[in-house]
Amino acid sequence: MRGLYCQLAQSNEDIKFVLQDKESFPSVHDHYVKIQVRVCAFSPVNTKLLSELKLQKDFLPIGREVAGVVIEVGPKVSFFKPKDEVVGILPMDCTESGLSNTLLIHEHSLVTKPENVSWADAAGTIRDGLRAYMALHTHSSVSAGTTVLVMDGANPFGTIVIQLAHHRGAKIISTVHNNEDKKYLEELRPTVGIRQSLVARVINVSDSKVDLVDSCMEETGGLGVNIVVDCGVQLYSKDDESAVKRHLPHKHDILSLLAVAGHWVTTEENLQLDPPDSRLLFCKGASISFLNEEVWQLSNMQQGKYLHILKDVMEKLSIGTFRPQLDEPIPIYEATVAMEMVQKNQVRKKASRSALKQCRDD
């Protein structure tokens, strides 16, 4: 069975993506369902996390966000039946690539895909929707009147966070890195209700005359921001940071713009706080949480809550609350090049249809 896999060098930094055939999986059993994959979405592979969890292999399967049709169910399956349309996230220890034509998946990793949601939107939004819910509900508590700062809000994850925060009645501030993204966010409107921009203020941080802290304080009347959701931060001075991180906000700026009892949700896994930073957090009664969506796959203690979130993500896609920003789906023969670009953050999100025949059928 053909799929997309990545081969790691000894340094774990040089990654090569290859399409190759693997042995077929065992027959359907217990709580497992067999699906025909229609679309598989690509997200960057966290090789460091896989290594720490002892889940590294010679060839790591690629493409964990999948949408497809159930073609066979195990004897203990109670949630699905053949011909059901489903979407889900493959577990971290899965041995099969999501780009395979067929997959064997535990039923607790899947939810039903609404009929009016496209295959690409379902697979391309399931992970970002999960992360948005974690940021705004699991790690913080967004509500009407809350001020939320979304860093780099024009990317696929940021767009979903903005739409969910607006749905909950929050006031949203967002940063961008160019005028094109600024225009995109300023033109972002709800599908129902008053057709005003979802974002109260868009801050172009590429403009040297613009100060992030001053802009946020001005917008909040000097009170600060209640919730910050970042896409990474600078830990050191710009001269000491890598080129990839130089466009990111500095950690001290985020701490400075937090309101009293504010909450910072960060994706920076190597975040380090100096004593003055901790003192500032203490004085504000503020807190920090780390956004790692993989925790749901590492423990099944809250499996019901996890599935409820995935179902809610699909429901909001169905009613138009979530309108994802995705590239056009690509054919399978372009998968290796597309995944290399995703891994290097040269593109934001890619979805691949599992077979050319299915492209034509759609």
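Asp152 is found in the loop that runs between strand E9 (147–150) and helix H3 (156–167); helices (H or I, at least four residues) and strands (E, at least two) are DSSP runs here, numbered from the N terminus. The model is a predicted one, so local features need pLDDT of at least 70 and side-chain atom pairs count only at pLDDT 80 or more, while totals for chains, interfaces and linings use all residues. Residues are numbered from 1 along each chain as its sequence is written, and side-chain values use heavy atoms, with hydrogens and water left out.

Most residues other than glycine have a negative phi. With a relative accessible area of 15%, Asp152 is buried (buried means under 20% relative accessible area, exposed over 50%, and partly exposed in between, using a 1.4 Å probe and protein chains only). Another aspartate, Asp30, has a positive phi too, of about 45°. Asp30 belongs to the loop between strand E2 (15–21) and strand E3 (32–42), and its relative accessibility of 34% makes it partly exposed.

Turning to the rings, a search of the whole structure picks up 2 aromatic pairs. Phe79 and Phe80 make an edge-to-face pair, at 6.3 Å centre to centre with 85° between the planes. Phe79 is partly exposed, at 44% relative accessibility, whereas Phe80 is buried, at 8%.

Trp296 and Tyr306 form a stacked pair, because their planes sit at 25° with the ring centres 5.8 Å apart. This pair links distant parts of the chain, 10 residues apart: Trp296 is in helix H8 (residues 295–298) and Tyr306 in helix H9 (residues 303–319). Trp296 counts as buried, at 6% relative accessibility, and Tyr306 counts as buried as well, at 2%.

Charges turn up over rings too, the cut-offs being NZ of Lys or CZ of Arg within 6 Å of the ring centre and within 35 degrees of the ring normal. Lys113 lies over the face of Trp119, 4.6 Å from the ring centre. Arg131 has its charged end over the ring of Phe157, at 4.2 Å from the centre of that ring.

Conventions. Phe/Tyr/Trp six-rings, centres within 6.5 Å; stacked < 30°, edge-to-face > 60°.
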